Amino acid sequence: MKPLKSIVEPGYKRWLVTGGLGFIGSHFIRLVLGAGRAVSVVNLDAMTYAGNGANLADMSNHPSYRFLRGNICDEADVDRAIGDGVDAIINFAAESHVDRSIIAPSEFLRTDIMGTHVLLEAARRHKVSRFLQVSTDEVYGHIASGHAKETDCLAPRSPYAASKAGADLQALAYANTYGIPVLITRGTNTYGPYQYPEKLIPLFVTNLLEDKPVPVYGDGDQVREWMHVEDHAEGVLHILERGVAGHVYNLSAGNARTNLEITRRLVQLCGRSLEAHVRYVQDRPGHDRRYAIDASKARRLGWRPKVEFAQGLTATVDWFRTHERWWREIKNGAFQKYYREQYEQRLAP
Ligand code: TYD
């Protein structure tokens with residue numbers, strides 16, 4: 001195994017990042033290693049369908065980076081990754097797609113709840129000085145009006161959201177019972193390069209680039225808040241370094257948009273037409289109409305999202321245009337089975 005700087009240079013901190021080959025996790029690792037921090041990163045990733053070595057290929061030879069293939073549900077894998085000890089655990093590893101959680105919820109309970117539990121136990125055994133759980137605004141459920149605060153009740157309404165809420169509650173219970181220095185971030189919908197093309201924005205962009213229809217669930221008036229992945233990664237890092245142990249922090253850049261507004265803009269950016277490409281299809285069961293969170297607590301700690309939404313969206317479409325090989329490889333593989341299962345009937349004429 002390649003030695004890490006932390007072993008050679010005692011001033012270095014060691015962080016265990018889980019799920020670091022996924023969308024937000026890979027951006028987080030790139031941010032940490034690129035910022036010249038005295039931190040070495042061990043990335044534990046199970047390489048499920050969404051964990052992709054190509055997402056972090058540029059970091060694979062970085063002297064302060066080590067990759068370990070393994071599952072957060074497996075205590076031996078986690079212990080191997082922790083080795084002689086780590087200063088922090090940052091848990092990005094999760095099953096994260098609502099539609100998949102509706103088709104097959106068990107894997108969500110296993111990874112999101114039991115996996116987090118295994119990590120919390122490891123944090124307890126190894127006396128880790130920071131444990132950051134990456135969560136989601138979906139744990140608050142549908143917000144009819146106003147913006148959810150960190151102290152609001154959790155009301156998850158999909159198997160995915162319920163699994164993430166379960167993990168949050170466990171983490172808080174470990175903070176209370178065992179004094180584990182837990183932090184939780186709850187981010188909004190996120191977009192940007194390397195997002196697996198099952199989520200709204202990358203699915204629609206790649207379908208449009210392929211000249212295929214885009215499936216809008218129900219009336220398309222559901223509202224989500226959107227944050228660029230680099231802002232999300234910076235938010236997690238900010239809370240890790242400045243957050244108060246035992247606290248929850250919402251992360252939002254605002255940018256509330258209906259799905260139709262997003263769809264119209266993507267159609268335009270891809271040079272397609274609404275009439276030819278937009279298909280209104282059968283709604284997602286239990287579909288939450290609106291998510292909205294108040295991120296003033298994180299802002300009070302000095303976190304500021306930087307990416308302006310219109311620019312971020314244009315740049316993201318450009319990225320998918322210029323990284324066709326990355327997403328074609330995904331779409332030509334196991335993704336096809338999922339796509340058929342999820343959309344074939346919905347899109348049938
Ligand atoms: P998604 O990207 O799956 O994120 P989440 O469900 O976690 O918010 O979906 C974002 C919104 O887009 C959500 O309201 C569902 C909607 N949507 C569609 O209308 N069609 C689709 O094919 C997908 C994937 C999502």
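The dialogue below treats the sheet, its helices, the domains and one alanine.

Guide: This is a predicted model, in which local features need pLDDT of at least 70 and side-chain atom pairs count only at pLDDT 80 or more, while totals for chains, interfaces and linings use all residues. Residues are numbered from 1 along each chain as its sequence is written, and side-chain values use heavy atoms, with hydrogens and water left out.

Visitor: In what order do the strands of the open sheet stand?

Guide: Strands of a sheet pair through backbone hydrogen bonds, either parallel or antiparallel. Here 7 strands follow the order β3-β2-β1-β4-β5-β6-β10, with parallel pairing. Two strands pair if DSSP finds at least two bridges between them; helices (H or I, at least four residues) and strands (E, at least two) are DSSP runs, numbered from the N terminus. The edges are β3 (65-69) and β10 (248-251), each of which pairs on one side only. Within the sheet, β4 (residues 88-91) and β5 (residues 130-136) are joined by 4 bridges, and isoleucine 90 stands opposite leucine 132 in β5.

Visitor: Which strands does helix α2 touch?

Guide: Helix α2 (residues 23-34) packs on the sheet against β1 (13-18), β2 (39-45), β3 and β4, and its direction makes about 165 degrees with that of β2. Contact means heavy atoms within 4.5 Å; axes are lines fitted to C-alpha atoms, for helices over the stretch in contact, and angles run from 0 to 180 degrees between N-to-C directions. Helix α3 (residues 75-82) lies across β1, β2, β3 and β4, at about 165 degrees to β3.

Visitor: How much area is buried between domain 1 and domain 2?

Guide: The size of an interface is often given as the accessible area lost when the parts come together. The domains, whose bounds come from an automatic or database assignment, are domain 1 (13-191 + 226-251) and domain 2 (200-224 + 255-285 + 307-336). They bury about 1,300 Å², summed over both parts with a 1.4 Å probe. Asp99, Tyr191 and Trp226 supply 56% of the area that domain 1 buries against domain 2. Arginine 284 and aspartate 99 form a salt bridge (2.7 Å, N to O), defined as a side-chain nitrogen of Lys or Arg within 4 Å of a carboxyl oxygen of Asp or Glu.

Visitor: Is alanine 292 buried or exposed?

Guide: Alanine 292 is buried because its relative accessible area is 2%, where buried means under 20%, exposed over 50% and partly exposed in between (1.4 Å probe, protein chains only). Alanine 292 lies in the loop between β12 (278-281) and α11 (296-300).

Notes: Buried area is the accessible area (1.4 Å probe) that two parts lose on being put together, summed over both.
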